[in-house]
Structures are given as C-alpha cells and as structure tokens.
Amino acid sequence: MTTTLLIIDPQVDFCEPQGALFVPGAPADTARTAALLSRSIDEVDAVHVTLDSHHPHDISHPAWWVNPSGAHPAPFTAISLADLLGGHWLPAAADDSGETRAYLTALDASGRYPHVIWPEHCIIGTPGHGVAAALRAPLRDWALRRQRTVGYWRKGENPLTEHFSAIRAEVPRADDPHTQQNLALVTALRRSDRLWVAGQALSHCVANTVRDLIFAAPELAPRIELLVDCASPVPGFEALAETFVEELRAQGAQVTTAG
C-alpha cells in the first residue's frame, strides 16, 4: 500500500504568528502534521508540499486597487465585477484594466469564490514564503531516511489570477500553462493508495486543491483522508470550511485526525 502525505501551503506567513496571513489554528496543526510524519517515517512513501508563491503586484493584493480617492482597499475587502464597473474600485495601473475586467467576469461566472483582497503574503524570496520551522526537520529526516525527495509545487506566480488550488488557478489562463491543470501533480498523487491531506487554509487552498484533485481523478476520493486536526480555516471563513468537509464526506472521502 502506497501512503502519500500532501501538505498544502505549510508556510511561515500562514503558520507562524508573525506571518502576514496568520491562521490562528495553524501552529497546532503544523505540530500535529510534523509529529505524524516523524512517527510514520517508514509508512509514508511520498511527501508533496505545495507553496503559495506571489509577487507584490498581484490582483489579490491591496496595491493593485484604488478607489476614486486613490486609497487602496483594506485586506479582506471583497471586490465584485459590479464594484469595478461602477468605478468603486479600479486597477491602480491603467494597463491592467482589461485583464482585471476579464478576470472578475470569469470569476463571477464560476460562482466559486468572490474576489477577496488579502494582505501581501508568501512573497517569493521572503521569509514568509518558506516552510514553517516546525516542519523543516521532519521533512529533511523523512527525505534522508527514505532516500527520496520531497515534491515541492509552487502556485500563484501569475499576478492576473488567484491560485488557491495546487491543481489549477481560479481562472486558468490560455497564455500560462502554470495556471492550467497541474497534470504532473495529479499523476503523482494518483499513485497513492492512501492520501493524507493537511495544511492551510482549510477554507481556501486545502478545499480547492482537494476539490480540483477529485474532479481530475475521481478514483482518488475514497483514498483521501482529510486530517481535520491538521488544517484550519481563515478566521471569518469557517462556513466555507464546513461546507467543504461535508462535500468531501458526500464524495466518499474520509474525514479523520492525525491523532
């Protein structure tokens, strides 16, 4: 039996109190994930870690947007297509207007998530982009003990689309294969007889990664074990996490704990 551990976005900006988009439950989640990997080092055959990876200039960061007074939106502001068309929020760079409208139009049509402005987070090259300290030694120990490499998968580098899921962006772009379905990751995870899922945040990146994975590989649903004591929602978005967990149960996946 092949056991895989998929850890979604276990990064400093989410998992440590100084992080730019700190999830309060994440330190305990990360500690439990680290303990699970350490005690299951001979049982886990593959480890995959996704990494949220952004530029400061990003459609989901405050600096992208201004209101008629020239002020940037506060983090957690929701911006709709109607807000854009009404002139309530506009791209700070006029050159971004067409792309911004196209993105919000496509996102609105998908009906999956409203567009939310986040604090600048997981900026490439900054400490916040790195893996949380509690997981570094267990990941290294696993790699050396099993003589294998951890699979690291970056997502979110295209500033023109949100990229919660590690499988595809919220609005995939025809001009950027990295926003389209990540067939390499899907193929790697398909090898799992048992797929443990942990990481941050349960309401967004965990939820969408698993949803998109099951859409791409439906046969994986009964092999997935969501470790709910190793993932927490962004505060204020608890209902999204609860909805996802119920969806997952209905699809035949297991909702369990690391113990």
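**Exercise 1. Placing A93**

In which loop is the place of A93? Determine also how A93 counts in terms of accessibility, and how far its C-alpha atom lies from that of W64.

*Solution.* The model under study is a predicted one.
- Step 1. A93 is located in the loop between β4 (90-91) and α4.
- Step 2. The relative accessibility of A93 is 31%. Buried means under 20% and exposed means over 50%, so A93 counts as partly exposed.
- Step 3. Along the chain, A93 and W64 are 29 residues apart, and their C-alpha atoms are separated by 7.4 Å.

**Exercise 2. The chain as a whole**

Describe the protein chain by its secondary structure, its radius of gyration and its surface.

*Solution.* 
- Step 1. Eight helices and eight strands are present in the protein chain.
- Step 2. For 259 residues, a compact globule would have a radius of gyration near 18 Å; the protein chain has 18 Å, so the two agree. The C-alpha trace spans about 60 × 35 × 35 Å along its principal axes.
- Step 3. Of the 259 residues, 55% are buried. The accessible surface of the protein chain amounts to about 10,900 Å², and carbon and sulfur atoms account for 56% of that surface.
- Step 4. Consider contacts between residues at least 6 apart in sequence: 75% of them join residues at least 24 apart.
- Step 5. The protein chain has 19 positive and 30 negative charges, and the mean positions of the two sets are 8 Å apart.

**Exercise 3. Strand β2 and its partners**

Identify the strands that pair with β2, among them β1 and β5, and trace the residues that stand opposite V49.

*Solution.* 
- Step 1. Strand β2 covers residues 44-52, and eight of its nine residues are buried, which leaves the strand mostly covered.
- Step 2. Strand β1 (residues 3-8) pairs with β2 in the parallel sense, over six bridges. Within this pairing, V49 of β2 is the bridge partner of I7.
- Step 3. Strand β5 (residues 151-155) also pairs with β2 in the parallel sense, here over five bridges. In β5, Y152 stands opposite V49, and K155 stands opposite D52.

**Exercise 4. Backbone exceptions**

Locate the cis peptide bond that involves A201, and describe the phi values of D9 and C122.

*Solution.* 
- Step 1. Most residues other than glycine have a negative phi, and most peptide bonds are trans.
- Step 2. Q200 and A201 are joined by a cis peptide bond with omega of about -15°. The loop that holds A201 runs between β6 (194-199) and α7 (202-216).
- Step 3. D9 is not a glycine, yet its phi is positive, at about 50°. D9 belongs to the loop between β1 and α1 (12-15). Its relative accessible area is 0%, so D9 is buried.
- Step 4. C122 is likewise a residue other than glycine with a positive phi, near 50°. C122 lies in the loop between α4 (97-110) and α5 (133-146). With 0% relative accessibility, C122 counts as buried.

Key
Residues numbered from 1 in each chain as written. Predicted model: local features only at pLDDT ≥ 70, side-chain atom pairs only at ≥ 80, totals over all residues. Heavy atoms only, no water. Helix = DSSP H or I, 4+ residues; strand = E, 2+ residues; numbered from the N terminus. Rg over C-alpha atoms; globule rule 2.2 N^0.38 Å. Buried < 20%, exposed > 50% of the residue type's maximum accessible area, 1.4 Å probe, protein only. Contact = heavy atoms within 4.5 Å. Areas by Shrake-Rupley, 256 points an atom, 1.4 Å probe, with all protein chains shown as cover. Lys, Arg positive; Asp, Glu negative; His and termini not counted. Charge placed at Lys NZ, Arg CZ, Asp CG, Glu CD. Pairing = 2+ DSSP bridges.
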